Amino acid sequence: MKIFPKDIHRRMKVFLNEIYIFIKMKKYMLALFVVIQKFLQVVFKFDIIPPLPIYIHIEVSSICNLRCPLCPTGVGTLKRTKHLMSYEDFKKIIDEIKWFNGKVILHHFGEPFLNKDLLKMIKYAKDAGLYVKLSTNGEFFHSKEYAKIFIRSGIDYVFVSVDGKDQETHEKYRIGSDFNKVTEGFKFLTDAKKELKSLTPIIELQFLRTKYNEHQRDQMQQFAEQLGADVYAERIFGACSGDKELAEKFTLDDPESTLLRVKDNGEIDYAGEYINYCYWIYSFMVINSDGTASTCIEDPFVEHNMGNIHERSIKDIWKGEEYKILRKKMKTDRKSIPVCNACSHAKTESFFWKKEYIIKDKKIN
């Protein structure tokens, strides 16, 4: 397995930060389990399956107000029914996982703030002792007072997408977004955090690099600091959209900056050879807004349907036959698993390269 030194360094920081978060939350047994699990995986190639997933993406909305051209939701190819998760369904999930789960992430393929119950959901998860993160397009922080209400919900970490320093550049990919509204809302959020003297949430400005905003890349970290961000992060595209024409339109030309490749048959893929291993299927689950469970955030179309929380418990799904078959297959023939073609972690040359963080004040996700 080829892993670049800087990736090892970054991943070690992320891993240690996870342990720190669990200890700070007083989830000592979970922190110990994660250390033992990682040690056995790295040193002895031995996998321990926890009683429940340690991390869960909960898609509280599969609807979005924007039309981002490489997002299945944005272009209308998601196939799944547009849905907002109910507060009762959310509570059911939290009640089942809270005794062992450490972190919930309240986004997937939709805008979380379109769910009117979002703030109640965050508070319920926080009251259950969980670490809560979410990503937003930033269109909904319409006042400083609302930003304060959001912060008081207890949210730990929020990503806000800003893809340029002006309307023309930002909207090239974030179609339908109002740059002034997003940046004003970002400032409402950071100013509210200061006024409340709150340590949370960590506020990250996330910049998605494309051909159309690369000319502003050198200015974006300073811009993020001007807006009061705690963290500035750069991202490159994932391959989940699978659209050759659009990928070529938006992805960077520099091969050192993007690891996406167009195969002979026109499909979008990552460079490198497959790694017959995946940490996520031993620690992670996605629960979509309609209740379907899948293994990975790179599976928007639920090609690997592990079950539905309306029909089975999360524990039953996690320990179920579908997961067993997939874990076994992952060890021997990952290449035959279609969803892995969309994953930056599946290939040797792209392992851990999906995000490049520039960290402010040593804070990481």
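K144, E145, K148 and E195 are joined in a network of salt bridges, a salt bridge being a side-chain nitrogen of Lys or Arg within 4 Å of a carboxyl oxygen of Asp or Glu. The structure is a predicted model, in which local features need pLDDT of at least 70 and side-chain atom pairs count only at pLDDT 80 or more, while totals for chains, interfaces and linings use all residues. Residues are numbered from 1 along each chain as its sequence is written, and side-chain values use heavy atoms, with hydrogens and water left out.

The predictor's confidence in each residue is given as pLDDT, from 0 to 100. The protein has an average pLDDT of 84, and 83% of the residues score at least 70. Over residues 1-6 the pLDDT is below 50, and this stretch has nine contacts beyond near neighbours in sequence, a contact meaning heavy atoms within 4.5 Å. Residues 358-365 also have pLDDT under 50; for them the model has 23 contacts beyond four places in sequence.

By the salt-bridge rule, the count comes to 21.

| Salt bridge | Closest N and O atoms |
|---|---|
| K144 and E195 | 2.7 Å |
| K193 and D230 | 2.7 Å |
| E322 and R312 | 3.3 Å |

Helices (H or I, at least four residues) and strands (E, at least two) are DSSP runs, numbered from the N terminus. The K144 and E195 salt bridge has its closest N and O atoms 2.7 Å apart. Because K144 lies in helix α6 (residues 144-152) and E195 in helix α8 (residues 179-196), this pair ties together parts that are 51 residues apart in sequence. K144 is partly exposed, at a relative accessible area of 26%, and E195 is partly exposed at 44%; buried means under 20% relative accessible area, exposed over 50%, and partly exposed in between (1.4 Å probe, protein chains only).

K193 forms a salt bridge with D230. K193 lies in helix α8 and D230 in the loop between α9 (217-227) and β6 (231-235), so the pair ties together parts that are 37 residues apart in sequence. Both K193 and D230 are buried.

In the salt bridge of E322 with R312, E322 belongs to helix α12 (residues 321-332) and R312 to the loop between β11 (307-308) and α11 (314-318), so parts that are ten residues apart in sequence are tied together. E322 is partly exposed, with a relative accessible area of 30%, and R312 is partly exposed at 21%.

F39, V42, V43, F44 and F46 make a nonpolar surface patch of about 520 Å². Patches are made of residues with over 30% relative accessible area and no salt bridge, like charges being joined within 9 Å and nonpolar side chains (Val, Leu, Ile, Met, Phe, Trp, Tyr) within 5 Å. Accessible areas come from the Shrake-Rupley method with a 1.4 Å probe; for residues, only the protein chains shown count as cover. F39 lies in helix α2 (residues 28-44) and is partly exposed, at 45% relative accessibility.

In strand β1 (residues 55-58), Y55 and H57 point one way and I56 and I58 the other, and all are buried. Strand β1 pairs in the parallel sense with strand β2 (residues 103-105) over three bridges, where two strands pair if DSSP finds at least two bridges between them. The bridge partner of H57 in β2 is I105. Strand β1 also pairs in the parallel sense with strand β9 (residues 284-287), over four bridges, and I56 stands opposite M285 in β9.
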